[in-house]
Amino acid sequence: MSKLQGTAPRCEISKLNMSFNANTVVWASAGTGKTRKLVDVYLQFLQRGIDPLRIVAVTFTEKAAAEMRERIRAALYAQPGQWMKTIALLQAAPISTIHGFCGSLIREHGFELGIDPAFMILDEQRSLDLAREAARDTIRHEIRSGNEEVEQLFGDFGSETLVETIVSAGYWLNSLGVDDNWLESRLQAQRVAGAEIETRLAGDIQKYGGDFQKIGELADELEARKVRHPLRKRDDPSALLPQIGQIAGVTAAERLSRVVKMSADRFRVKKQAANAMDFDDLLLGARDLLKNHPVIRRHYQNHFQALLVDEFQDTDEVQAEIISLLAENPDCPGRFAPRKLMIVGDPKQSIYRFRRARVTVFFRMLDRILADGGALEHLQDNYRSAAPIAHFSNLLCQLMMDGRGQISRLTDPNFDFSYRVRFSDGDLLQARSDAPFLGITYVAAESGAKAAQGREMEAEAIARLLKEWKLSGHIQAWREVAVLLRAMTNVEIYLGAFEAHGIPVYVVQGTAFYQKSEVSDLIAFLELVLHPDDELLRAIVLTSSLFGVPVNEFRDGGKTPRRVSVNANGLRSFSSVPKFVQCEELLHYWVERRDSSTAAEILQDVIRKTNFDVVLMAQKNGPQRMANIGKLIEITRGLARQGTTALDEVVRYLRDRAHDTSIRESEAQIVSQLDDVVRVLTVHQAKGLEFDIVIIPDLAARTGRGSGDRTFFSDRWGILVGAAYGLHRKPLPHALILEEKDREDDQQYEEEKRLLYVAITRARKMLVLGEGFSKQTGPWLQWMEQLFEKLQPGAIEKARYGKIQSIKFGGSTMKVLPASQLNVPEQLEFTTDAILVGEPYIPCIPTPRIEPAVEMTPSDLISLSGCFRFFNWTRIQGIAEPGREPTGDTPQMRLGSIAHKLLESATPPPPDVLTAAGVPELAAVFQCHEWRDLASASSERELPFIMHVHVNGTECWVRGRMDAALAAEGNGKALPRVIDYKYALWFEGGEAKYDIQMTAYALALMKALGTDRAMAELWYLKPPMKIVRREYTFSEAEEKLRALLAKYLDAVERNEWPAAERAYCDRVECGFRQQCWSAT
C-alpha cells in the first residue's frame, strides 16, 4: 500500500534533541524519513517559544502539507495541557505549498500590487488555454494590422507551431523570473556575437551568394548531389553553415521575441479581465512584493522566524528567490538570518525539469548556506526498502551517477555543471527497514527482439509472473503491486496482457480519454449538429457505434448513403434504411434546437434514442465505456457552469483537447486505487510514494528529443531561432542552438539517472525489472547491462538466449528469467465434454434485435406520477415549461451537483473546501454518525443500474444511478439499503414526491441481490439534516411500478394525457397551469 513515508520512528516532543543551531541543508536520500526530520525541527522551533503562525513550512503537495500538520498535531497531543493553545493555532499556521503560501501573501497585500484580493486561481490547463488564446489573438491582430514580421513568422512556423512556441517561451521566461530588459540584453549578446562572425566570414558569405536564402538553397543542392563541400556540414557548431545560420538567426530571434512580449501582455490583460491569476503569477507576484517593497519585505523577515522547505531539489529560480528574500537578515542584506532556514531535498530525486525545476538551484542554495556558516546533514538510514533492494540501488547508483555526464566536449568554465550529480558515501542507503525481502527478478528480452515484439512478450511474461505469485501467496493482494513506467506511451500493451489474465488494474491519471471511440463518436455527432451538410462527417457518425451502418451501405467513396434522395423541400429521404432514417431524424431535431440546447441535453437524448449505452455495455470493457460517456456529459455540464454554453464553443473545446497531445485527460475511473487493483503510473506520479512490489518494465525505452531545430530557449542567449529559407521554410542550422542542444541532451541524460533511482527506491519488498527489447536501447538498460556485466559477466546475454540465470550480489541472489520462456503457450485442462464429433455444420441465424418499447429514468417516473399531461408536454413533445430555467442550470441544481460530487468520496473534505464550494452546511453531514457509518461500510457509490419490468406484454426498462447502495451485512438481519441525497430542506410530507423514485431504486436493489425486502433512505442535506426511511417489499414495489407503467402504456395507446388535480398544480406551481386549465 502506498504511503508518503516509511516506518521511520515517530516524533515525540519530550525526546527532542535541540540540534538545529545553524541554517541547514538536509540531504535526504530516498526513504530516509525526511518528513520526520521536518516535523522534528518544527517541534524544536515550538519548544523555543516561536509562535506556529510565525513558522513557514513549504511542502511539494497539499497532501504532504496535511500529513505534516497532522504529525505535528499528534506529537503535541502526546503532551496534554502544555500545547493546547499551539494545537488550536496549528490549523491557521502557514504549512502549505509554495503556491498556497504566495497566494496568501498576495491576498494580504493586493493593493500594493494593484490586484483584487478576491482573485480566482487558474489551474494549469485553464492557464494554458488562456495563453494559447492570447497567442492566437496576437497573431491574428498583428497580421490584420499589416505586421510583416508576424506574417513572416506565421509562414515560417505554421499556425499551431507558432502558437505553442510563443506560449512555451512565456512560461519559460516566467520560471526565470526575468523582465523585458533581460530578454533585450540577451538579444544584444546575440547581435554582438553575430556581428563578430559576420566580420570573420565576410569573404565566405560573398563567395557563396552573399544572401542567407541563396546559401541555404545552395547547401540543399550540394546535399542532394552529395558533393564534398564545407556547406554540407550541418551538425558541428564550428562549421561554416551553422555559423552563417547564427548570423541569420539574430533577426528571426528579434521578431519572435517581440511577438512573445506582445502575447504575454495580452495574456496578462485577459487574466486581469477575469480577475484571475495562474500559478506563475502567484510566484512572480509574491517575489515582486518582497523584492520591490522594502517595508513589506522587512515586515515578513521579522515576522517569520523560521522557514522549512521540503523537496528543494524541485524548485525553480523564482521560488528560490522568494525563500532567500524571506530568510535574509533585515539588518544585514545579502546574508541569511542565523538559525532560521532549513531546506530538505535530494538532488538524486530531482525529476521535474519538464516543469522548469532546476537541480542547479539546490546546489546554489547549498553553496550559499554553507558560505554563510550553515551546515549540511545527510540522511542515510532507509526505513522503506528491504536490505537487498537498498543494496542493489547503491550498486547501480555508484555505477551510473559518476558526475561525468554524457557529452565530454562540454567544458565551458562559465557553465554550471552541478546537475551532474556524483554519488558519494553520503548517498549510500543504510537499510533499517523491517520489510521482508521477496526477491529481485529481471525479465530479459529475447535476443534481437525489436520494440513492438519485445514489449508484448515482456507484458505477457510479467502478467504470468504476477498470476503465479498471487496463487503461491507471494502476493497477498493486488493493491501491493505498482507498475512504474517512464511514460504512458506504450501502456496499452501492458494493460492488454493484464486484462487477458484477469488482473485488475487502475491507471493513475491515465491518458487518451478523448481518443476513446465512444467519446470521439459523441463528439463527432455534436460536430455534425453544427455542420449538418458535411458529408464526410455524416459518414463518420453513421458508421460509428452510435448507428452502426456498414461501410458497404455507402457510395461515392463512402460518403453518401445508398438509397437516399432529396425531396423538393431539400430534406433527405431514405428507402428501407432505418439507421439512416434515425440519424436524419435526430440530426434534424437537434439542428433546429442547437441554439437553445446544451451539449449535455443533446448527448443524453442521442444516447437514449440510439440505445448507445446498451450497445457499449455489450462490448468489451462495457462498464468503462459507459463511465467514459458519463464523464463526457459531465465535462460539458462543467463548461456550462463556467459560462461556455454555445455549442460551437463546446465542440471547439472538445476538439482542441482531442487533437492536443499534451492534454493528459484520464478515462473515467470505475475503480479506486484503494480497491484491490494493480496500480499503473509514471515514475513522476510515484514520487513520494512507496509500494510493496514495484515493477519497472521497458528499460530499453529511449528518451525523446526535446524541441526541434527551429528554436531554443537559452538561459545564456535568450530566445534562439533558426532562420527559415527556401520554399520549404526549413531553418538554417544555428551554431548556438547546436551548442545549447548538446547541453540540453547532457542534462536530460543526467535526469534519466535520477528517474531510474526514484523508480527503484519506491520498492519495499520486491523489485521486478523488465528489458522490453534488446536492440537500439536507451540509457536505463545500458546502465543495467553495465552493472550485471560487472557482477556476473555474460549472464544477461545467456538469458536472452533462453537460459535462466542467477546473479549474486552482497549476499543476495537475483533471478534473471528469459521472456521467451514465459511466453510458451499455457497448458489448458483437456476435456471432451463440449466436443461434438461428426456433427453436421448448422449455420447460426442471428436473432433480430428487439428494440425496447419503453425506457424511463427515475426522474421520468417522478414527473409521470405527478401529472401525465406535464410528462407528455415536457418529456415527449419537448415543450419547455413556461417561467422555468432549464434543468441543471439553476444555482440550486449546481450546488446540488457539487454536494453529490463531494459525497461520492468516503473522505470528508476540510470545512474551508466546503465553504469555497458554496456548501458549508455539508460539514454537519460529514460529522453525523450516519455518515461515518456509511463511510466505513462496504458501499457502492454512484451505482448505475438497468432494470427490466414486464408490463402487459411490453418490455419496459428503467435505468438510472443510485447515490449509494449497501448490501445486507452481518447476520442477515440488516436489510440492503439504497440512499438518495437531496440538497434541500425537509418539510412535512415532502418525501411523497420521491416515493416512486425510491420504489424503483428499492426494486432494482432487490432484483440485483435476490432479496424480498429493502430499505430506501432519503437524506435531506440542508440543516437540520433529516433522514426519511421506508421499508419496501418486493411484491409491493413491483406492483406499484407496474401499475404506473401500465397506466402510461394506456395513455400512449389512447393518446389521452389526463391532468393532475388542480391542488397539485398549485402546490408545485406548474408553469402550464393557465394553458392547461383553459384547455379543460
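Biologist: Hi! What am I looking at, how many helices and strands are in the protein?

Modeller: Hello! This is a predicted model, and the protein has 40 helices and 34 strands. Its radius of gyration is 33 Å, close to the 31 Å that the globule rule gives for 1080 residues, so the protein is as compact as a globular protein of that length.

Biologist: What does the C-alpha trace span along its principal axes?

Modeller: About 95 × 80 × 80 Å.

Biologist: And what percentage of the residues are buried?

Modeller: Buried residues account for 50% of the 1080. As for the surface, the protein exposes about 51,000 Å², and 51% of that comes from carbon and sulfur atoms.

Biologist: Nice. Which share of the contacts joins residues at least 24 apart?

Modeller: Counting contacts between residues at least 6 apart in sequence, 75% of them join residues at least 24 apart.

Biologist: Switching to charges, how many positive and negative side chains does the protein have?

Modeller: There are 134 positive and 145 negative side chains. The centres of those two sets lie 3 Å apart.

Biologist: I like aromatics. How many aromatic pairs does the structure hold?

Modeller: It holds 25 aromatic pairs. One of them is Tyr442 with Phe788, an edge-to-face pair at 4.8 Å centre to centre, with 85° between the planes. Tyr442 belongs to strand E13 (residues 439–444) and Phe788 to helix H29 (residues 779–791), so this pair ties together parts that are 346 residues apart in sequence.

Biologist: Are Tyr442 and Phe788 buried or exposed?

Modeller: Both Tyr442 and Phe788 are buried. Another pair to look at is Trp873 with Phe1072: the ring centres are 5.0 Å apart and the planes are at 65°, so this pair is edge-to-face.

Biologist: Where do Trp873 and Phe1072 lie?

Modeller: Trp873 is in helix H32 (residues 868–876), and Phe1072 is in the loop between helix H39 (1062–1068) and helix H40 (1073–1079), so the pair ties together parts that are 199 residues apart in sequence. Trp873 is buried, at a relative accessible area of 14%, and Phe1072 counts as buried at 3%.

Biologist: Which residues form an aromatic cluster?

Modeller: Trp27, Phe312, Phe362 and Phe363 form one.

Biologist: Now some single residues. Where is Asp698, and is Asp698 buried or exposed?

Modeller: Asp698 sits in the loop between strand E21 (691–696) and strand E22 (711–714). With 9% relative accessibility, Asp698 counts as buried, because the cut-off for that is under 20%.

Biologist: What is Asp698 in contact with?

Modeller: Leaving aside neighbours within four places in sequence, the contacts of Asp698 include Arg455, Glu458, Asn490 and Tyr494. Gly770, Glu771, Gly772 and Phe773 are also in contact with Asp698.

Biologist: And Arg754, where does that lie?

Modeller: Arg754 is in helix H28 (residues 735–760), and at 2% relative accessibility Arg754 counts as buried. Beyond its neighbours within four places in sequence, Arg754 is in contact with residues including Pro347, Lys348, Ser350, Met401 and Tyr419. The C-alpha atoms of Arg754 and Asp346 are separated by 10.0 Å, although these residues are 408 apart along the chain.

Biologist: What about Ser597, where is the place of that one?

Modeller: Ser597 is in the loop between helix H22 (578–593) and helix H23 (599–610). Ser597 counts as buried at 11% relative accessibility. Apart from neighbours within four places in sequence, Ser597 is in contact with Trp590, Ile602 and Thr645.

Biologist: Which residue other than glycine has a positive phi?

Modeller: Asn275 is one of them, with phi near 50°. Asn275 is in the loop between helix H12 (240–273) and strand E5 (276–277), and Asn275 is partly exposed, at 24% relative accessible area. Arg729 also has a positive phi, about 60°. Arg729 is in the loop between strand E24 (724–725) and strand E25 (730–731), and Arg729 is buried, with a relative accessible area of 17%.

Biologist: Great, thanks for the tour!

Terms used:
Residues numbered from 1 in each chain as written. Predicted model: local features only at pLDDT ≥ 70, side-chain atom pairs only at ≥ 80, totals over all residues. Heavy atoms only, no water. Helix = DSSP H or I, 4+ residues; strand = E, 2+ residues; numbered from the N terminus. Rg over C-alpha atoms; globule rule 2.2 N^0.38 Å. Buried < 20%, exposed > 50% of the residue type's maximum accessible area, 1.4 Å probe, protein only. Contact = heavy atoms within 4.5 Å. Areas by Shrake-Rupley, 256 points an atom, 1.4 Å probe, with all protein chains shown as cover. Lys, Arg positive; Asp, Glu negative; His and termini not counted. Charge placed at Lys NZ, Arg CZ, Asp CG, Glu CD. Phe/Tyr/Trp six-rings, centres within 6.5 Å; stacked < 30°, edge-to-face > 60°.
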